Amino acid sequence: MKRNKKFTLLMEILFVSTRLGLTSFGGPTAHIAYFHEEYVRRRKWMDEKSYADLVALAQFLPGPASSQVGIGIGVARAGVLGGIISFIGFTLPSVIVLILFALLLTEIDVGSAGWIHGLKIVAVAVVAHAILGMTKKLTPNLKTKVIALFALIGVLIWQTPFTQISIILLAAVVGFFLFTQYENNETANLQFSITKKVSVICLVLFFGLLIFLPFLREVTGSYWIAIFDSFYRSGSLVFGGGHVVLPLLEQELVPTGWITEASFLAGYGATQAVPGPLFTFAAYLGAVMNGWQGGLIATIAIFLPAFLLILGVLTFWDDIRNNPKMKGAIVGVNAAVVGILSAALYHPIWTSSIVTITDFIVAIILFSMLAFWKLPPWIVVFTGAFVGIFM
C-alpha cells in the first residue's frame with residue numbers, strides 16, 4: 001500500500017512539473033511566480049514562509065534558481081526521488097524542443113514570432129501577480145519594505161554577476177542586527193527528508209568535480225570530458241540566473257571552434273522562445289556539436305552542480321532557518337528577494353515586453369485574469385500567445 005501511495009505521489013509530481021515545464025515562459029523570475037501560483041496557492045504543497053525561505057536559498061546559491069526551487073519542492077514532497085522527478089518534468093520539454101531545433105530547424109527565426117511577444121507580456125502579468133502576493137507576506141512592516149526598496153535600487157543600478165548574492169548577504173547582516181527581537185507567528189512547517197550523510201556526499205561531489213574535472217581533461221585529452229568540464233564549470237560559477245551563463249558558455253565554446261558565433265546566437269534566440277529554464281540552452285549547444293547525445297551530456301553537465309548544491313544544503317538549511325538567532329537574518333533576506341524580483345519585473349521583463357500602449361493593456365487584462373478572475377496560469381499563457389499572434 002505504501003509503495004502504491006509513493007508511486008501515485010511521484011506521478012502527481014511528474015504531471016504537475018511537466019505541465020509547468022510546458023507552460024512556464026518568461027525566465028527564472030517568471031518561473032518562481034508560476035511555482036508560487038501552482039505549488040503554494042493552488043495545491044498547498046508548501047506554506048508561504050517555507051517557499052520564501054527556499055527561494056531565498058536558491059537566490060543565494062550559484063546555478064539556475066528556478067530549477068533549484070523546483071527540485072527543493074520535489075524533495076519536500078517525496079524525498080530525493082521526488083526532487084529528481086520534479087527536475088525531469090520541468091526541464092525535459094524544453095530540452096527535447098531545443099535538441100530538435102538544433103537538428104532540424106536552425107534556419108527558422110523563432111524569436112521574431114508574434115506569439116513570443118505575447119508570452120513575454122504573460123511573464124509581466126505572472127511576475128507582478130506573484131510579487132504582489134509575496135510583498136504582503138514578506139514585507140509586512142516599514143523596515144522590511146525599506147530593505148526591499150534598497151535591494152530593488154541596488155540591482156537596477158549595479159548590474160554585475162555578483163550583485164544578487166552581495167545584496168542578499170548584506171540583507172542577511174542587516175536583518176540579523178535589525179530584527180533581533182523579531183517574532184514571526186507564521187512558522188515554516190516543512191521538513192526535507194534528506195540525511196546529512198547524503199548532503200555531505202553531494203557537497204563533496206560538487207567540489208570534487210569542480211576541482212578534478214579540469215585536471216582529468218588535461219591528462220586524458222578526452223573530447224567528451226572536455227565538453228562535460230566546460231558545461232559543468234559554467235553551471236557551477238553562475239550567480240544571477242540563466243542570462244549570466246551566456247558569456248561563460250560563449251567563452252568556453254566559441255573560441256575553441258566547437259560552435260560558431262552565428263549558431264550560438266541562433267540557439268539563444270530559440271531558448272527565449274521555449275518554456276522552462278534558460279540553462280537548457282546547453283541542450284541546443286551540445287546537440288549542434290554532437291547530435292542528441294551531445295545535447296543530453298551538456299544538459300546533465302550544466303544542471304548537475306545545481307542539483308548537487310541544493311541537495312547538499314537543504315538539510316543544513318532546515319537547521320539554519322529554524323534557529324532563533326538566524327530568523328532575523330532570513331527576514332532580511334526574504335525582504336531583499338522581494339526587491340530583487342521587483343527589479344527583474346522592470347528589467348528585463350517589463351523593458352523587453354511592454355513597448356506600446358496595446359502591450360500595456362494586454363498585460364493588465366492578463367493580470368486581471370490571474371488576480372481577479374482566478375484563472376489557472378496555463379489559460380493565461382495560451383491567451384497571451386494567441387493575442388500575440390494578432391498583435
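Visitor: With which side chain does the side chain of T280 make a polar contact?

Guide: This is a predicted model, and in it the side chain of T280 makes a polar contact with the side chain of S94, at 3.5 Å. T280 itself sits in the loop that runs between α11 (261-273) and α12 (281-321).

Visitor: Is T280 buried or exposed, and which residues does T280 touch beyond those up to four places away in sequence?

Guide: A residue counts as buried when its relative accessible area is under 20%, and T280, at 0%, is therefore buried. Apart from residues up to four places away in sequence, T280 touches T91, S94, V95, L98, T271 and F303, and S94 is also the partner in the polar contact.

Visitor: How should I read the chain as a whole, and how many helices and strands does the protein chain have?

Guide: The secondary structure of the protein chain comes to 15 helices and zero strands. Its radius of gyration is 20 Å, close to the 21 Å that the globule rule gives for 391 residues, so the chain is as compact as a globular protein of that length. The C-alpha trace spans about 55 × 55 × 55 Å along its principal axes, and 53% of the 391 residues count as buried. Among the contacts with a separation of 6 or more, 76% are between residues 24 or more positions apart. The accessible surface comes to about 17600 Å², of which 70% belongs to carbon and sulfur atoms.

Visitor: Where does UniProt place the feature "transmembrane region"?

Guide: The unreviewed UniProt entry places that feature at several spans, among them residues 295-317 and 329-349. In the model, residues 295-317 are 100% helix and 0% strand, with end C-alpha atoms 33 Å apart, while residues 329-349 are likewise 100% helix and 0% strand, with end C-alpha atoms lying 29 Å apart.

Visitor: How can the length of a helix be checked, and what span should the 15 residues of helix α14 have?

Guide: At 1.5 Å a residue, the 15 residues of α14 (residues 357-371) should span 21 Å, and the end C-alpha atoms are 21 Å apart, which agrees. An α-helix has 3.6 residues a turn, so residues three or four places apart point the same way. The buried residues of α14 are D359, V362, A363, L366, F367, S368, M369, L370 and A371, and they pack against α5 (114-138), α13 (324-353) and α15 (377-390).

Visitor: What does the side chain of S236 reach, and where does S236 lie?

Guide: S236 lies in helix α9 (residues 223-236), where its side chain reaches the backbone oxygen of Y232 at 2.8 Å. With a relative accessibility of 4%, S236 counts as buried. Leaving aside neighbours within four places in sequence, S236 is in contact with P62, F206, L210 and P305.

How values were computed: Residues are numbered from 1 along each chain as its sequence is written. This is a predicted model: local features need pLDDT of at least 70, side-chain atom pairs count only at pLDDT 80 or more; totals for chains, interfaces and linings use all residues. Side-chain values use heavy atoms; hydrogens and water are left out. UniProt positions are given in the numbering used here, feature names are shortened, and annotations may be inferred rather than shown by experiment. Helices (H or I, at least four residues) and strands (E, at least two) are DSSP runs, numbered from the N terminus. Buried means under 20% relative accessible area, exposed over 50%, partly exposed in between (1.4 Å probe, protein chains only). A polar contact is a pair of N or O atoms within 3.5 Å; within protein, one must be able to donate a hydrogen and the other to accept it, and residues adjacent in sequence count only if both atoms are side-chain atoms. Contact means heavy atoms within 4.5 Å. The radius of gyration is taken over C-alpha atoms; the globule rule is 2.2 Å times the number of residues to the power 0.38. Accessible areas come from the Shrake-Rupley method with a 1.4 Å probe; for residues, only the protein chains shown count as cover. The expected span of a helix is 1.5 Å times one less than its number of residues.
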